[in-house]
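Thanks for making time this morning.

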Amino acid sequence: MLATAHSSVLVGLAAHPVRVEVQATRGVPCFELVGLAEIAVRESRVRVKSALAQLGVDLSECRVVVNMAPADVKKRGSGFDLAIAMATLVSLGILPAETLGDVLFLGELSLDGTLHPLRGLVAHLLGAKQRGVARVIVPAANESEASLVDGIEVGIAGTLAELVAALRGQQPLLTVAARSELLVPLACDDLGDVRGQATARRALEIAAAGAHNLLFIGPPGAGKTMLARRLPGILPSLSRAESLEVLAVQSVAGLLSGPRRVGTRPFRAPHHTASEAALVGGGELARPGEVSLAHQGVLFLDELSEFRRGTLESLRQPLEDGFVTISRAQTVATFPARPMLIGATNPCPCGRQGDGTTRCHCRLDHIRAYRSKLSGPLIDRLDIHVSLAPVDVLELQARASGERSAAVRARVERARGIQRERMRTKEASASANAHLGVRDLERVCALDEAGSNLIANAVRSLGLSARAYGKVLRVARTIADLEGATALAVDHVAEAVSARVLDRGRLSIAGDAA
Ligand SMILES: Nc1ncnc2c1ncn2[C@@H]1O[C@H](COP(=O)(O)OP(=O)(O)OP(=O)(O)O)[C@@H](O)[C@H]1O
Ligand SMILES: [Mg+2]
């Protein structure tokens, strides 16, 4: 008889349902698999045959035809093994048809019938929950990942034999209890450890309050990396829906099996030698890149001037759109990509230019070449540029530590609350000032005459682009929100303009050379 089991395949983060139809009859032995399956799926014939043999089911005199539908979706990976095995057992009359019912089967089989975990389980479960699937059966090794998603019944089994026994009622089917405490943020480094650097701390707070991209420029050892690593600790905590989206990306990338970082905003710091594919995603299986792994969190590009220009340019589109599209034959995978981008760099090759000492001996053309790596469209996308001086020794020796992360986070959360209210949305990330659309910008950033004149002068004297103009306005709005001010005042604009040091720096280098 014809038996149909349900399974699913991931395209990006989206889980598409797949029907596995099996017709097993006595006859010339063969095991056919049709329905746009790639090699790993076709290899499941060997695994399923061997795993069934362990149950005493001999397919050596059977003709088994497997069709995977819909035929226009490419079937990837080894997660269909379990569905194929289950449908075969029902087709042979070994299990009753009701066992397949409204159940989704996911899992790879080994030759001895053990179920191996699969990647992207969170994304599979979120998709199944959305489609209203009643129950999902997954490998026991995926239990902790399965416990992250609530509102759907998940059964687990360690081996095919265990599952068959449970479905025959010979033993209970173990189910997974959703554990919401796993979504509680973990503690991270505290801003209180950072001494001095008042301007940089203020910039970090403004950036967090409006989800603005930020660039730190300063000498070695001033605390750029230290500050950037403390950003997740002052960002508002993730909502449950946001957490699950972050976990789904990590799950697809196979990052959930290691130590748990669940519930915390992601912080990704790829090395400057990272390839374009590592940064934006790609590869044959269309895996998410760093920009997607940092979604809802922080993408930290330390030593920004050391990154290859082409690699940085590849980030431009995702940062603008908030998502990445990876095209492969027959599939277009989409991953979310809305991190805060934080860059850090030295001001010149030796790192000491402009630090108030006379120790920098870099030639002007070397400084210009060094900075030119930074200039251009990517810098234009960084809303705030802040210059750090070396930390004063007295500040380092001071007993009192700086303000702690919790106090800063409270102000950031208040400012984000104002932004959410203004945009009338529950989605914290979408309502942040950094993502204001052009039309909203006009509405929420109306300037008085003094503010208008100040920004007009800044645009002319610094040669700001139209994009940079919009960024200054958005940052000014955030500064006003941190203060709880309804109207944009000239002081807010002035502080936002002063946070474009790189534009000013570029100007002074050009001036020196003239
Ligand atoms: N403002 C600061 N307060 C307290 N400690 C600091 C501060 N700045 C630097 N340090 C100490 O110096 C170490 C190095 O700082 P950090 O790595 O952040 O410097 P950096 O600016 O990133 O330098 P580089 O340009 O070489 O990357 C820190 O781990 C910390 O111990
Ligand atoms: Mg550093």
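Let me start with helix packing, where Arg202, Glu205, Ile206, Ala209 and Gly210 of α7 are in contact with Val475, Thr478, Ile479 and Leu482 of α21. Sorted by class, the residues in this contact between α7 and α21 are five nonpolar, two polar and two charged. Please keep in mind that this is a predicted model.

As for the geometry, α7 spans residues 198-210 and α21 spans residues 466-483, and their axes come within 9 Å of each other while crossing at roughly 95°. Angles of 65 to 115 degrees count as roughly perpendicular, and α7 and α21 are therefore roughly perpendicular to each other.

Now to the ligand. Which residues are closest to ligand 1? They are Arg195, Gly221, Lys224, Thr225 and Met226, out of 16 residues that surround ligand 1. Helix α8, residues 224-229, gives the most to this shell, contributing three residues, and the shell as a whole divides into seven nonpolar, five polar and four charged residues.

Looking at individual atoms, a backbone N or O atom of Gly221 lies 2.8 Å from an oxygen atom of ligand 1, and a polar backbone atom of Met226 is 2.9 Å from an oxygen atom of the ligand. With Glu303, by contrast, the side chain is involved, and one of its polar atoms lies 3.3 Å from an oxygen atom of ligand 1. On its own, ligand 1 has 630 Å² of accessible area, and the protein covers 67% of that.

How values were computed
Residues numbered from 1 in each chain as written. Chains lettered and ligands numbered in written order. Predicted model: local features only at pLDDT ≥ 70, side-chain atom pairs only at ≥ 80, totals over all residues. Heavy atoms only, no water. Near = heavy atom within 4 Å. Polar contact = N/O pair within 3.5 Å; in protein donor to acceptor, adjacent residues only side chain to side chain. Areas by Shrake-Rupley, 256 points an atom, 1.4 Å probe, with all protein chains shown as cover. Helix = DSSP H or I, 4+ residues; strand = E, 2+ residues; numbered from the N terminus. Nonpolar A, V, L, I, M, F, W, Y, C, P; charged D, E, K, R; others polar. Axes fitted to C-alpha atoms, helices over the stretch in contact; angles between N-to-C directions. Parallel < 35°, antiparallel > 145°, perpendicular 65-115°, else oblique. Contact = heavy atoms within 4.5 Å.
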